[in-house]
Amino acid sequence: LESCLQKSNQNQNKNNEFGYRWKQAQSCLRLMEASITLCSNNADLSPLMNRITSTLIICYEYQDDLQRTNDNKEEDKTQLLSVANKTFLAMVMKLSEAQLRPLYARLREWKGIGGLDDEEHDEKQTFSSSSMLSSLGVTRRYAFWSLSAALGKELRSIFLPLLTSVISDVVDELNLAVSKLCLSKFHEAEGSKRRRLSKSLNISSRQQNSDTVCVIEPLQPLLLCLELGFKSDAHEGGSWTRSNDGKRFHMILEPLAKLLQARVPDHFPLVSHSSKKSGSKRNNTELKGKTSSFEKLVQGVDSLDDGSVVGCITAMATSAGNEQLWKPLNHAILEACGNEAFSEIRKAGVTCLYSVLDTLGEEYMVLLPECLPVLSELLEDSDESISTIAQSCVRLGEELLGESLEDSLR
């Protein structure tokens, strides 16, 4: 496997040879996965654990070469990452939790540890931050969160202690995304419509920079990892989410709520459920005029199994399990519903509200009175799709309460 990747790298200017070698590498990975799966004696596997991990790390880093040199880089990168993750999972299923913890810590160190904010960090963080924001650093972070999501899906609640060990990294990634995709003064009211328009244009212009988009590419697999963690915790009663008097909940909610009002550039590279059928990433040309990057990343349209802000918030509400934590979450949703500048943000807000109502049912009705004034305004929204979703929220509330809400909406 290492030989295939090395020879492919040496022949990266020869497209046919290049494609042949990385496909050979995939075949080697599948053989490795089969061998690990068929290994009946774990004692035989343990001495090879570090060597296997080192080889898989070479595969993860090789995606950076695919990204820079191959015409079919998106499809190739996704396929190689998927096969490498399956191979790693085959090994993990043979290990004990005691063996898995240091292995995951090793991968975290490989990903990089430290502040991700490239504008606000002290001198001690400079080297760590700059390396993590480089092309190779982004590749490592993307691979790490993609693998973490795969582990979360397979291990469920067993993965939560591992997620705890990287919770500061999760918050760093979310805050980095906020710094790139959201208004700098998120909660500060704008002085005039002209100022809002001017600022939004500046943000849109800044987002067209490919470097800006590149450094936050790991956001989608991170959201999926977090969503799976919350879902697993909900099945266990939600104690992980509510730990430390809800401190972990609030740490994550603050940046996640801001991302509900993100401005996502059209060329943001995303995996979607529909594109997975062909084994490739989103093709912006093919999907032009159809599902936008905002709809995929924030609302979860065509990407329910790939990570989205709405999916993550819904799972978070489910695991929180009490009114005290629901209140700030509901406030964040209603704030998005009331965004006057962008209809897509209002639509994301009401979509999120419906998702939470539909998932939690009667339990969430205690907060319905707070939602009704906002829903009343959305019912009259000039965007028909928004008013339709708002009407669905009202009907759902009426079904759950067993009474009409018509008088309350006047």
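This is a predicted model: local features need pLDDT of at least 70, side-chain atom pairs count only at pLDDT 80 or more; totals for chains, interfaces and linings use all residues.
Me: What percentage of the residues in the protein is buried?
Reply: A residue counts as buried under 20% relative accessible area. The protein has 410 residues. Buried residues make up 52%.

Me: Among contacts between residues at least 6 apart in sequence, what share joins residues at least 24 apart?
Reply: Contacts here are heavy atoms within 4.5 Å. Take those between residues at least 6 apart in sequence. The share that joins residues at least 24 apart is 74%.

Me: Which helices do the buried residues of H20 pack against?
Reply: Helix H20 covers residues 368–378. Its buried residues are Leu368, Cys371, Leu372, Val374, Leu375, Ser376 and Leu378. They pack against helix H18 (323–337), helix H19 (343–360) and helix H21 (384–401).

Me: What is the volume of the largest cavity?
Reply: Rolling a probe the size of a water molecule over the atoms shows where empty space is left. The structure holds one cavity of 30 Å³ or more. The volume of the largest cavity is about 50 Å³.

Me: Which helix gives the most to the lining of the largest cavity?
Reply: The lining residues are Glu97, Leu100, Arg101, Ile158, Pro161 and Leu162. Helix H6 (97–111) and helix H9 (160–165) each supply at least two of the lining residues. With three residues, the helix that gives the most is H6.

Me: How many residues of that lining are nonpolar, polar and charged?
Reply: Glu97 and Arg101 are in the lining, and both residue types count as charged. Leu100, Ile158, Pro161 and Leu162 also line the cavity, and their types count as nonpolar. The division is four nonpolar, no polar and two charged.

Me: Asn244 has a positive phi; is Asn244 buried or exposed?
Reply: Most residues other than glycine have a negative phi. Phi of Asn244 is near 55°, and Asn244 is found in helix H14 (residues 239–259). With a relative accessible area of 55%, Asn244 is exposed.

Me: What is the relative accessible area of Asp245?
Reply: Asp245 is found in helix H14. Phi of Asp245 is positive, near 55°. Asp245 is exposed, and its relative accessible area is 80%.

How values were computed
Residues are numbered from 1 along each chain as its sequence is written. Side-chain values use heavy atoms; hydrogens and water are left out. On a 1 Å grid over the protein atoms alone, a cavity is a set of points where a 1.4 Å probe fits but cannot get out, and a pocket is an open set with protein on both sides within 12 Å along at least five of seven lines; lining residues have an atom within 4 Å of a point. Grid points are joined across faces, edges and corners, and a volume is the space filled by probe spheres set on the points. Helices (H or I, at least four residues) and strands (E, at least two) are DSSP runs, numbered from the N terminus. Buried means under 20% relative accessible area, exposed over 50%, partly exposed in between (1.4 Å probe, protein chains only).
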